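Please look through the sequence and the model below before reading on. The paragraphs that follow lead from one chain to the contact between chains, and then to the question of confidence.

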Amino acid sequence: MPPRTPRPDPFPGYGARTRRRAGRDRSRWHWLLAVPVVFPLLTPLYDRAEPQLWGIPFFYWVQLVGIVLTMVTTALVYQLTRVRD
Amino acid sequence: MHVLAGHRIEFTVFAAVLALVVMLGFWAARWRRPQDMHSLEEWGLGGRAFGNWVTWFLLGGDIYTAYTLVAVPALVYGIGAVGFFAVPFAVLTTPLVYLLVTRAWSVAHVHGFVTPAEFVRARFGSRSLAGMVAVTGLVATMPYVALQLVGLSVVLATMGITGDWPLVAAFTLLAACTFRSGLRAPALMSIVKDLLLLWTVLAAMLVIAMTPRGLANAFRTAKEHFDLTPNSGDGLLLGSANHLSYATLAVGSALAMFAYPHVLTGVLAARNRATLQRNMAALPVYTIALGLIALLGYVALSKGVVPLDGDLNTVVPMLFHQVFPDWFAGIALAAIGVGALVPAAVMSIAAGNLYTRSIYREYLRPHATPAQEARVSRYASLGVKLGAVGCILLLDPQFAVDLQLIGGVIVLQTVPAVGLGLFTAWFHRRALLAGLVAGLLTGLVMLYQIPQLGADGRTVVRAHFGGSAWPLSHLGLPTDAAVYVGVLALVVNLAVAVAVTPLLRRRGVPSGPDVTHPEDYTADEGDPALHRMTELVDGDAGLPTHAR
């Protein structure tokens, strides 16, 4: 690891809240974000026409549903890792 | 004016909306008026104080550009399923960028960074690595600005306006209002853009809903159309040959999104971490709009829309002409027009900031005052816009498209230093530099090897720089699959960086000093460390830590 410029400990610029936040930043809930990352990569699984939805092939509507999935997951991770005051 | 024949009402509405938006851009200088506009924090980042809504509009305007709005449905119209990659790309972007930008925001606020290159300088203590990151970012951003002009000229062409002067006029006005108001101009303009866009998308949905059997019919005609074409690469579905390239293009573009300097500009202007995180979760709403606009490609096919002069990018504007009344089409086209101006402004500001902080102050004038920085950045962003106009007028617009393709690949090569650097300082600065150079070279060579194919999918139209999917058969693999060049180059880049780091450590080559601390990456609004930062910025010692 590279050398780091020394800084007094505890550093006066940060309080207990920052340290709590640092803990939250490493929260395991973040692994949930892997779901919307992996989902779009599984092209062979969703590259199909059936089942259709209102005449829209599976390939298209399932990816539009994927958008909702990514929004819900991200919002969930945000709520679960939030530091409340 | 005879060229406007039949488009008079449309053009009047279009021009009026654009004029209104530009006026708003000028007025933006007074919006949340800072005590002093003459610092880079104020001019180039809007005072780093944008809240939920403004950040939402700005980032949306920044990422979903006019070119995206015309090029994505054009691809869907032309080749079908492959053009839909913009949707999985955005699905992937959200979680990846969520993780990266919150840390980037914190460390940038604590240390006063305005650009990714400054972070690299502080984290790895290397001027040359930071310089390379800055130059890569600049080279990638400039054609992106030019591409917005291509988007604007497509819209103008469908109204019968082909001369150069309207483009020059629009960009001159944009340049003037950005020069005056800085990031506040595109931030305000993006709000109007979104209202126009929402209007357009809803109207387009209405059109689809009103046609008998709507989308189902569009998909059926599109399928019949693709079955008749000789090209095996098109169709309603990807087909196994396209699986890998579709997925890698989505991943590569998502990571590149983070690496583009203009996205970070929008991010750093946010007020606090929560604003950013909430926005990341909500931004995909734009993707739903983009997905629906992409499907307009099929609607255009089923309605028998013929692109103007064979330019596929004109498909959506032509569709608007066909299905909307004139005044309505004028508003819809203005949405695309403003959609070109907003990102062009943010990109040129980002490029200006990059030049100022990582080249001007690093190499030319190390003790520049904040006022000098703001001035240099203003003129640099002006220069970028002029360069973009020149590129379009003097050279072939196709050149801008090619450069943009290359830009996406090369900007991706800064991800190990900028992205992984947010999580670890393990990499040796020289290893990162070697990886970056290796990645850039690999990417360029691979792009050079890709020919552009004609409509039948076989004849070679152009021998080089014709696409970004690199066939794995080049490696002697018995497959017809292809991979996005950017991702392959990034793999080479990372492999070099990982392999060279322990070698340099063993040989005792000193690492650069890391002036950031672990807590800096989670600092938030309200922390004393950030308050001190604000005081430093407001005073005349607004220097990032590494330069103090």
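A residue is called buried if 20 or more other C-beta atoms lie within 10 Å of its own, exposed if 12 or fewer do, and partly exposed in between, with the C-beta atoms placed from the backbone. What is shown is a predicted model, in which local features need pLDDT of at least 70 and side-chain atom pairs count only at pLDDT 80 or more, while totals for chains, interfaces and linings use all residues. Residues are numbered from 1 along each chain as its sequence is written, and chains are lettered from A and ligands numbered from 1 in the order in which they are written.

Chain A has four helices and zero strands, where helices (H or I, at least four residues) and strands (E, at least two) are DSSP runs numbered from the N terminus. Of the 85 residues of chain A, 22% count as buried.

Helix α4 of chain A covers residues 58-81, and its 24 residues reach 34 Å from the first C-alpha to the last, close to the 34 Å expected at 1.5 Å a residue; the expected span is 1.5 Å times one less than the number of residues. Among the buried residues of α4(A) are F59(A), Y60(A), Q63(A), G66(A), I67(A), T70(A) and V77(A). An α-helix has 3.6 residues a turn, so residues three or four places apart point the same way. The buried residues of α4(A) pack against α2 and α3 of chain A together with α5, α13 and α14 of chain B.

The contact between the chains takes 42 residues from chain A and 49 residues from chain B, two residues being in contact if their C-beta atoms, placed from the backbone, lie within 7 Å. On the side of chain A that touches chain B, the largest share, 12 residues, comes from α4(A).

In chain B, A170(B) lies in helix α8, residues 165-181. Why does A170(B) count as buried? A170(B) counts as buried because it has 23 C-beta neighbours inside 10 Å. Leaving aside residues up to four places away in sequence, A170(B) touches L18(B) and L152(B).

The mean pLDDT of chain B is 80, and 91% of its residues reach 70 or more, but pLDDT stays under 50 over residues 534-542 of chain B. Where pLDDT is low, the predicted coordinates should not be read in detail. For the complex, the predictor gives an ipTM of 0.79 and a pTM of 0.81.

Key
pLDDT = per-residue confidence, 0-100.
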